[in-house]
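Colleague: I would like to go through this model and ask about the labels used for it. Please set each value against its cut-off.

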Amino acid sequence: MRPMMSVRDLIILVVGNTIFAICYLIYGLLRYRIKKGGPQEMEIGTPESVFVKTFAILVCPVIMPAFLALGKLFHILFFHRDVDLADVIFSKERVRTFAYADEERDMNMAPLEESIAVSDNASLRTLMLNVVRGDIGKSLRSISLALNSEDSETAHYAASVLADELNNFRTTVQRLYVEIKKDNEKFFSCVDTLLPYMNDVLEQRVFLDIEQVKFVLQMEEVCELLYQKDKALMAGVHYEWICSRLLEVRKFELCEKWALRSAEEYPQLLSSYTSRLKLFFTTQDRERFFEVMNQLKASEIVIDQETLELIRVFS
């Protein structure tokens, strides 16, 4: 009976596979060098991945080359397509922006949000304690999610912590607001303290709608007092904060007032455009949306990914 593979056939297979592996290695390294820095840089992989695949080809003579060939074939047949970005490319140099992770917040908030549905009550309580040991003011949204926990002890603890923090917020806001209304030497220092404090809490949407609207309007009043007293002290981020909070509670007229002021005072800031774009997007005002978009296209401002996505959706 003739053997399935003779020594001669085995040698031919090994030699052929070795030649194929060497060719793949050379092709991969050359391809990476040619495409490095371009949009296709990861098509063939990094040098490290090419070396790993070459080693796999040597170890698995038939299976690995077949796997790579089939993978490439399926990519060409089903996944490869040219992306048309003509509607979002504004004929200006693009830059890649990075949002760096807030490690402390990620370590505290994400586990709590993901663990609400977990049946391990002891672990959930431990996570809750870890959260409240940190900056509670920036974790209110996560703590509010724990109110719906099936563990009554966790829900009770979350309600207690949340109630204390919200009461502290009400008291602090009222105290600073009274000082601001006195219009004395403490005016500017109180405003500098109150605006970021209110924004950090209100953007988490932990109040009922009625109270949320009340505090947003109070924040708007403080901004108006600062604007009338010395609008030069209104930073671009102040306009962005108040526009975002007013838009969330659907106070469109007030939001437009501040968005137009932002455009007048800080025409060089991206937020001056995005505030108007978000407003007109929400109110479905296509004419004014595209008017602002064309102004943004004609400017030298670099557009971030969020703004591009907003424009693409509306378009």
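Colleague: Where does C60 lie?

Modeller: This is a predicted model. In it, C60 lies in the loop between α2 (47-59) and α3 (63-79).

Colleague: Why is C60 called partly exposed?

Modeller: The relative accessibility of C60 is 32%. Buried means under 20% and exposed means over 50%, so C60, at 32%, counts as partly exposed.

Colleague: Which residues does C60 contact, leaving aside its neighbours within four places in sequence?

Modeller: C60 is in contact with N17 and P65. N17 is 43 residues from C60 along the chain, and the C-alpha atoms of C60 and N17 are separated by 9.0 Å.

Colleague: Which members of the largest nonpolar core touch the most other members?

Modeller: That core has 55 residues, and F169, L195, M198, L202, F207 and W258 touch the most other members. Helix α7 (residues 152-182) gives the most to this core, with 9 residues. Another core, of 7 residues, lies apart from it, and A56, I57, M64 and L68 are among its members.

Colleague: What does L202 touch, leaving aside its neighbours within four places in sequence?

Modeller: L202 is in contact with F169, F207, Q212, F215, V216, M219, R245 and E248.

Colleague: How do you know that F169 is buried?

Modeller: F169 has 1% relative accessibility. The cut-off for buried is under 20%, so F169 counts as buried.

Colleague: How many aromatic pairs are there, by the rule for ring centres?

Modeller: The count comes to 9 aromatic pairs.

Colleague: Why is the pair of F169 and Y197 called tilted?

Modeller: Their ring centres are 5.3 Å apart, which is within the 6.5 Å limit, so the two rings pair. F169 is in helix α7 and Y197 is in helix α8 (residues 187-202), 28 residues apart, and the pair links distant parts of the chain. Y197 has a relative accessible area of 25%, so it is partly exposed. F169 and Y197 also belong to one aromatic cluster with F207 and F215.

Colleague: What makes the pair of Y227 and W258 edge-to-face?

Modeller: The ring centres of Y227 and W258 are 5.8 Å apart and their planes are at 85 degrees. That angle is over 60, so the pair is edge-to-face. Y227 is in helix α9 (residues 209-230) and W258 is in helix α11 (residues 252-265), 31 residues apart. Both Y227 and W258 are buried.

Colleague: Which charged end sits over the ring of W258?

Modeller: The charged end of R261 does, 4.7 Å from the ring centre. In the same way, the charged end of R276 sits over the ring of Y273, 5.0 Å from its centre.

Colleague: Why does Q218 count as buried?

Modeller: Q218 has a relative accessible area of 10%, which is under 20%, so it is buried. Q218 is in helix α9. Not counting residues up to four places away in sequence, Q218 touches V173, Q174, Y177 and M198.

Colleague: How do you know that the span of helix α13 agrees with its number of residues?

Modeller: Helix α13 (residues 286-298) has 13 residues, which at 1.5 Å a residue should span 18 Å. Its end C-alpha atoms are 18 Å apart, so the two values agree.

Colleague: What puts the buried residues of α13 on the same side?

Modeller: The buried residues of α13 are F289, V292, M293 and L296. They cover an arc of only 105 degrees around the axis, so they are on the same side of α13. These buried residues pack against α12 (270-282) and α14 (305-314). On the other side of α13, E287 and A298 are exposed.

Note on methods:
Residues numbered from 1 in each chain as written. Predicted model: local features only at pLDDT ≥ 70, side-chain atom pairs only at ≥ 80, totals over all residues. Heavy atoms only, no water. Core = buried A, V, L, I, M, F, W, Y, C linked by side-chain atoms within 4.5 Å. Buried < 20%, exposed > 50% of the residue type's maximum accessible area, 1.4 Å probe, protein only. Helix = DSSP H or I, 4+ residues; strand = E, 2+ residues; numbered from the N terminus. Contact = heavy atoms within 4.5 Å. Phe/Tyr/Trp six-rings, centres within 6.5 Å; stacked < 30°, edge-to-face > 60°. Lys NZ or Arg CZ within 6 Å of the ring centre and 35° of its normal. Expected span 1.5 Å × (residues − 1). Arc of directions from axis to C-beta.
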